[in-house]
Amino acid sequence: QVQLVESGGGSVQPGGSLTLSCVTSGFTFNSYRMYWVRQAPGKGLEWVSTINTRGEGTYYAESVKGRFTISRDNAKNTLYMQMNSLKSEDTALYYCAKDCRGTAPVFCDYRGQGTQVTVSS
C-alpha cells in the first residue's frame, strides 16, 4: 500500500531553515506528481508546493515562493522541501502527499503522518 513518511521538522527561530524529507513506497514514485501541503493550527489543509514527475517543473504558493524549494530523488523514491527564511506564519504540520487537487483547501487522496514545523522566537 502507499506509504509516505515525513521527517525533518522541528522548532526554529524566525529566519531559520529546515529541510523536510519524505520517503515513499507502495507506488511507482517517478510516475507521479508530488506535493507538500500544510495545516496550521485551527486552519484547513493548504497547498504549499508541487513537483512534476522528473522534477523540472515546480510550483509554489505565493506565501512561500522564493523561500521554499521542492525537489525529488527518483532513485531514492524521496521528496524534499528546503525551507529558508522561515516566518512564524509557516508554523504548521507539513505533509507529503500525492493525488491532490485544489489549493486552499487542498484535497489529497494520500498523505503521510506529517512533520511539525514551529517557527518562534
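User: Which residue in the turn between strand 4 and strand 5 has a positive phi?
Analyst: That's G42, with a phi of about 75 degrees. Strand 4 and strand 5 form a hairpin with five residues between them. Strands here are DSSP runs of E with at least two residues, numbered from the N terminus. Before we go on: this is a predicted model, where local features need pLDDT of at least 70 and side-chain atom pairs count only at pLDDT 80 or more, while totals for chains, interfaces and linings use all residues. Residues are numbered from 1 along each chain as its sequence is written, and side-chain values use heavy atoms, leaving out hydrogens and water.

User: Good to know. How many bridges join strand 4 to strand 5?
Analyst: Six, and the two strands run antiparallel. Strand 4 covers residues 34-39, and strand 5 covers residues 45-51. Two strands count as paired if DSSP finds at least two bridges between them. At one spot in this pairing, Q39 stands opposite L45.

User: And what does strand 5 do with strand 6?
Analyst: Those two also run antiparallel, joined by three bridges. I51 has T58 in strand 6 as its bridge partner. The two strands make a hairpin with six residues between them, and G55 there takes a positive phi near 90 degrees.

User: Is strand 5 mostly covered or mostly open?
Analyst: Mostly covered: six of its seven residues are buried. Buried means under 20% relative accessible area, exposed is over 50%, and partly exposed is in between, using a 1.4 Å probe and protein chains only.

User: Switching topic: how many disulfides does the structure hold?
Analyst: Two, where a disulfide is a pair of cysteine sulfur atoms within 2.5 Å. C22 is joined to C96, S to S 2.2 Å. C100 is joined to C108, at 2.1 Å. Counting bonded cysteines along the chain, the pattern is 1-2, 3-4.

User: What parts does the C22 and C96 pair tie together?
Analyst: C22 lies in strand 3 (residues 18-25) and C96 in strand 9 (residues 92-102), so the link ties together parts that are 74 residues apart in sequence. C22 is buried at 0% relative accessibility, and C96 is buried at 0% too.

User: Left-handed or right-handed, for each link?
Analyst: The torsion about the S-S bond of C22 and C96 is about -70 degrees, so that disulfide is left-handed. The link of C100 and C108 is right-handed, with 110 degrees about the S-S bond.

User: Are C100 and C108 buried or exposed?
Analyst: Both count as buried: C100 has a relative accessible area of 12%, and C108 has 17%.

User: Now T78. Where is it, and what does its side chain reach?
Analyst: T78 sits in strand 8 (residues 78-83) and is buried, at 6% relative accessible area. A polar atom of its side chain lies 2.8 Å from the backbone oxygen of K76. As a polar contact, that is a pair of N or O atoms within 3.5 Å; within protein, one must be able to donate a hydrogen and the other to accept it, and residues adjacent in sequence count only if both atoms are side-chain atoms.

User: Which residues is T78 in contact with, beyond its sequence neighbours?
Analyst: Leaving aside neighbours within four places in sequence, T78 is in contact with C22, V23, F29, R72 and D73. Contact means heavy atoms within 4.5 Å. C22 is one of the disulfide cysteines.

User: What about T115: buried or exposed?
Analyst: Buried, at 9% relative accessibility. T115 is in strand 11 (residues 115-119), and its side chain reaches the backbone nitrogen of G9 at 3.0 Å.

Key
Helix = DSSP H or I, 4+ residues; strand = E, 2+ residues; numbered from the N terminus.
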